[in-house]
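Subject: A structure for you to look at

Hello,

I am passing on a structure that you have not seen before.

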Amino acid sequence: MWNHFQWLWSRSLCAPRQQAYYSQILEDNKPTKAEIDERYEEKKRDYDNIHFSAFDIAADIPEDATDEQKEEAMAAAKKKADEFVSRFKNGEEFLALCREFATEEQAKKYEAEDASAYQDSTYAGMHSAYRDWLFDEERKENEITAIESDSTYYVVLFNLREKPD
């Protein structure tokens, strides 16, 4: 029944006028380039896209671990993350390091050439552990860091920030 009503309405005499009215409303309320640019400057973080690479180094924490065991596992993960960062800074390739540092569970993922790369990532769609670091406006190309989370160190490489079209 509803489909039949939609079909009738689309062919009624009102449909062309309704479409013209709708088009006029859109045109009358279209923002100026200055308004768009002002809004963008106010909310860059919400609009920009980031290109980056990431690798996670999870601490090997048993389920029934004591606080001391958790600290030791996190210290071991930090040591690996710091080594990864240091070796990248000394000229080794990010993906090659991902493949070397990957666990058995991660190994398959890093076989692809773009395995560690994330393109056109938005602030809202990014992991909360490292999104603030990546969206810092002072970030420079090829800047790398290791960021601690609850049970993981994320090695993050900033590649590019861009304004969408």
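Here is what was found, going from the whole chain to single residues.

A word on the ground rules. This is a predicted model, in which local features need pLDDT of at least 70 and side-chain atom pairs count only at pLDDT 80 or more, while totals for chains, interfaces and linings use all residues. Residues are numbered from 1 along each chain as its sequence is written, and side-chain values use heavy atoms, with hydrogens and water left out.

**The chain as a whole**

You will find 8 helices and 4 strands in the chain. Both kinds of element are DSSP runs numbered from the N terminus, a helix being H or I with at least four residues and a strand being E with at least two. Starting at the N terminus, the order is α-α-α-α-β-α-α-α-β-α-β-β. The chain is more spread out than a compact globule, because its radius of gyration is 25 Å, well over the 15 Å that the globule rule gives for 165 residues. That radius is taken over C-alpha atoms, and the rule is 2.2 Å times the number of residues to the power 0.38. The C-alpha trace spans about 75 × 45 × 35 Å along its principal axes.

Of the 165 residues, 30% count as buried. Buried here is under 20% relative accessible area, exposed is over 50%, and partly exposed is in between, with a 1.4 Å probe and protein chains only. The accessible surface of the chain is about 11,900 Å², and carbon and sulfur atoms make up 49% of that; these areas come from the Shrake-Rupley method with a 1.4 Å probe, and for residues only the protein chains shown count as cover. Among contacts (heavy atoms within 4.5 Å) with a separation of 6 or more, 60% are between residues 24 or more positions apart.

**Charges and salt bridges**

The chain carries 22 positive and 38 negative charges, and their mean positions are 6 Å apart. Lys and Arg count as positive and Asp and Glu as negative, without His and the chain ends; each charge is placed at NZ of Lys, CZ of Arg, CG of Asp or CD of Glu.

There are 14 salt bridges in the structure, each a side-chain nitrogen of Lys or Arg within 4 Å of a carboxyl oxygen of Asp or Glu. One of them joins the side chains of Lys-163 and Asp-37, at 3.8 Å from N to O. Lys-163 lies in the segment after strand E4 (152–162) and Asp-37 in helix H3 (residues 33–42), so this pair ties together parts that are 126 residues apart in sequence. Lys-163 is partly exposed at 44%, and Asp-37 is partly exposed at 27%.

Asp-82 and Lys-78 have their closest N and O atoms 2.9 Å apart, and both sit in helix H5 (residues 67–89), 4 residues apart, or about one turn of the helix.

Arg-99 and Glu-113 also pair up, at 3.4 Å from N to O. Arg-99 is in helix H6 (residues 94–101) and Glu-113 in the loop between helix H7 (104–107) and strand E2 (117–121), so the pair ties together parts 14 residues apart in sequence. Arg-99 is partly exposed at 36%, whereas Glu-113 is exposed at 67%.

**Some single residues**

Do have a look at His-51, in strand E1 (residues 49–58). His-51 is buried, with 9% relative accessible area. Beyond its neighbours within four places in sequence, its contacts include Tyr-118, Asp-120, Phe-158 and Leu-160. The C-alpha atoms of His-51 and Asp-120 are separated by 5.7 Å, although the two are 69 residues apart along the chain.

Asp-120 itself lies in strand E2 and is partly exposed at 44%. Most residues other than glycine have a negative phi. Asp-120, not a glycine, has a positive phi of about 50 degrees. Asn-142 has a positive phi too, of about 65 degrees, and is found in the loop between helix H8 (131–134) and strand E3 (144–148).

Best wishes
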